[in-house]
Amino acid sequence: MRLAGIYLFFLGTAVMLKAQIGGTSTYQFLSMANSAHIASMGGKLVSLRDNDLAMAFQNPALLDRSMENQLVMNYTDYFMDINYGYFSYAHSYEKIGNLAVGIHYINYGKFIEADVTGEKIGAFGATEYALNLYWSRAIDSCFTFGVNIKPLASYLERYRSYGIAADAGIVYHSNRRLTTAGLVLKNMGSQITTYTRHNREPLPFEILMGVSHKLRHAPFRISVTAHQLQMPDLTYDKPEDETESEEQELLPADTLTSGSNDFDWFLDYGDKFMRHMIIGLEVIPVKGFYISMGYNYLRREELKIPERVSMVGFSWGFGIKVYMFQISYGRASYHVAGGTNHFSLSTDLNAFFRNHHGAIH
């Protein structure tokens, strides 16, 4: 109940203030989903304890001893010629805690270079990198704390920028291991060198909270994640909204009843609340296989076309264990024009060592 109260407090605060997130920060690739599993459940997930090293990218407190000698690799076919990937490896030490290292990169493809007259004079590329240095340690049998230090490098044509970011998270596990709750402060930090002089840009700082629950007698696991809690009002004013508001102000007072005002307030409050919510569902019929689905309300509201909403904001995927490898695929729908494909591969290197040892003897 205490965790639920804290969760509702943050969400209640989130709809009373006003802010915007679009185009306000640099190194935006830090907010992209780093695995097929996460992408298939809405893109952000800070509370899923599943012996999956990729989850440490979302919340460093999810890194634990079960991930020792685990290796994960992810490749994402994004839009146009853009692609990005993620690699990570973990190891644990009795006195130090759990450590992991990862590399997150994005390649924006090739661009045509032209002079002021439009004459083509060549081509250039654009890439960004983040080194992830993880550490986590159990506080007691229920709580784990973790941090992720991220040196950053960005190369956009002839412009260069270097920075440093950090994530800090805490995770609560119930004694029966059916419920996990997480809180994360992501991308705290600053640019060290800027692309141009006297133009320092903020990082995509974000506060997230989430809860995951596995049904005891059914093969279902539900995850709810609240994101962008540091910028509570994620709505923005569109020109058509301003026009409609001006027209309503010109209407006679008796045409606006208190009942309709109350209902409009309820819809407005509900919309602001839901823009923070990402909902994920997993079906786990047998060990080593899952089917996952997700719904990202903010993505749907910002990218849908009213005339053809389609499946914008929804995502799905699956994962299966084959021999000593976990193979996962995720598909996220961003727009009616298309979606993204995510491919992940993970393995426990201890299994290779055990098999090799057994073969020798």
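Modeller: A cavity, as used here, is a set of grid points where a 1.4 Å probe fits but cannot get out, and its lining residues have an atom within 4 Å of a point. Please keep in mind that this is a predicted model.

Biologist: What volume does the largest cavity have, and which elements supply at least two residues of its lining?

Modeller: Its volume is about 60 Å³, and helix 3 (55-58) and strand 8 (206-214) each supply at least two of the lining residues.

Biologist: Switching to the largest nonpolar core, which residues touch the most other members?

Modeller: That core has 24 residues, and those touching the most other members are Tyr27, Phe29, Leu30, Met32, Met55, Tyr84 and Leu152. Helix 2 (36-40), strand 6 (159-173) and strand 13 (325-335) each supply at least two residues of this core. Another core, of ten residues, lies apart from it, with Met67, Tyr86, Ala90 and Tyr134 among them.

Biologist: And what does Tyr27 touch?

Modeller: Leaving out residues up to four places away in sequence, its contacts include Glu128, Leu152, Tyr162, Gln191, Tyr195 and Pro204.

Biologist: Last one: is Asp271 buried or exposed?

Modeller: Asp271, which sits in helix 5 (residues 258-274), counts as buried because its relative accessible area is 17%, and the cut-off for buried is under 20%. Beyond residues up to four places away in sequence, Asp271 touches Thr235, Tyr297 and Glu301.

Conventions
Residues numbered from 1 in each chain as written. Predicted model: local features only at pLDDT ≥ 70, side-chain atom pairs only at ≥ 80, totals over all residues. Heavy atoms only, no water. 1 Å grid on protein atoms, 1.4 Å probe; cavity = no way out; pocket = protein on both sides within 12 Å on 5 of 7 lines; lining within 4 Å. Points joined across faces, edges and corners; volume = space filled by probe spheres on them. Helix = DSSP H or I, 4+ residues; strand = E, 2+ residues; numbered from the N terminus. Buried < 20%, exposed > 50% of the residue type's maximum accessible area, 1.4 Å probe, protein only. Contact = heavy atoms within 4.5 Å. Core = buried A, V, L, I, M, F, W, Y, C linked by side-chain atoms within 4.5 Å.
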